[in-house]
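Subject: Handing over the structure, with notes

Dear colleague,

I am passing this structure on to you, and I would be glad if you kept it open beside this message while you read. The notes that follow go through it one place at a time.

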Amino acid sequence: MSEQRTKYVVDGVDMFSVRNRNETRVAECMREEIEKSKDTYFSEKALQDVYAYALNQLSARYAQSG
């Protein structure tokens, strides 16, 4: 298990698969909007800022797999 992933282990239980459903929804919306703006360059930092900002504006919707 990677060091990054071990941060999600609690009492031997891997919590890595518990995710905020809005993460994938925001990413999909961003992909759709970027597709409309093919002539515009967005830096990695700018995209991460928009992603984080959007997630912070939404209520969390956590779910586990299975």
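Throughout these notes, two residues are said to be in contact when they have heavy atoms within 4.5 Å of each other. You are looking at a predicted model, in which local features need pLDDT of at least 70 and side-chain atom pairs count only at pLDDT 80 or more, while totals for chains, interfaces and linings use all residues. Residues are numbered from 1 along each chain as its sequence is written, and side-chain values use heavy atoms, with hydrogens and water left out.

N22 lies in helix α2, where helices (H or I, at least four residues) and strands (E, at least two) are DSSP runs, numbered from the N terminus. Because its relative accessibility is 8%, N22 counts as buried; the word buried stands for under 20% relative accessible area, exposed for over 50%, and partly exposed for what lies in between, with a 1.4 Å probe and protein chains only. The side chain of N22 reaches the backbone oxygen of S59 at 2.7 Å, which is a polar contact, that is, a pair of N or O atoms within 3.5 Å, where within protein one must be able to donate a hydrogen and the other to accept it, and where residues adjacent in sequence count only if both atoms are side-chain atoms. Although N22 and A60 are 38 residues apart along the chain, their C-alpha atoms are separated by 6.9 Å.

The other asparagine, N20, has its place in strand β3, which covers residues 19–20. N20 is buried because its relative accessibility is 9%, and a polar atom of its side chain lies 3.2 Å from the backbone nitrogen of R61. With neighbours within four places in sequence again set aside, N20 is in contact with L55, A60, R61 and Y62.

How two helices meet

Helices α2 and α3 pack with their axes 10 Å apart and at an angle of about 130°, the axes being lines fitted to C-alpha atoms, for helices over the stretch in contact, and the angles running from 0 to 180 degrees between N-to-C directions. That angle makes α2 oblique to α3, since angles under 35 degrees count as roughly parallel, over 145 as roughly antiparallel, 65 to 115 as roughly perpendicular and the rest as oblique. The contact is made by N22, E23, V26, A27, M30 and I34 of α2 and by L47, V50, Y51, A54 and L55 of α3. Also in helix α3, which spans residues 44–57, is Q48, and this residue counts as partly exposed because its relative accessibility is 43%. The C-alpha atoms of Q48 and I34 are separated by 13 Å, the two residues being 14 apart along the chain.

Salt bridges

How many salt bridges does a search of the whole structure find? It finds four, a salt bridge being a side-chain nitrogen of Lys or Arg within 4 Å of a carboxyl oxygen of Asp or Glu. One of them joins R31 to E28, with the closest N and O atoms 3.0 Å apart; because R31 and E28 are three residues apart in helix α2 (residues 21–36), they are separated by about one helical turn. E28 is partly exposed, with a relative accessible area of 34%.

Another salt bridge joins the side chains of E33 and K36 at 3.1 Å, N to O, and these residues, too, are three apart in helix α2 and so separated by about one helical turn. E33 is partly exposed at 45% relative accessibility, whereas K36 is exposed, with a relative accessible area of 64%. The side chains of K38 and E35 also meet in a salt bridge, at 3.0 Å from N to O; K38 counts as exposed at 61%, and E35 as partly exposed at 48%.

Most residues other than glycine have a negative phi. D11, although not a glycine, has a positive phi of about 50°. D11 is found in the loop between β1 (9–10) and β2 (13–14), and it is exposed, with a relative accessible area of 81%.
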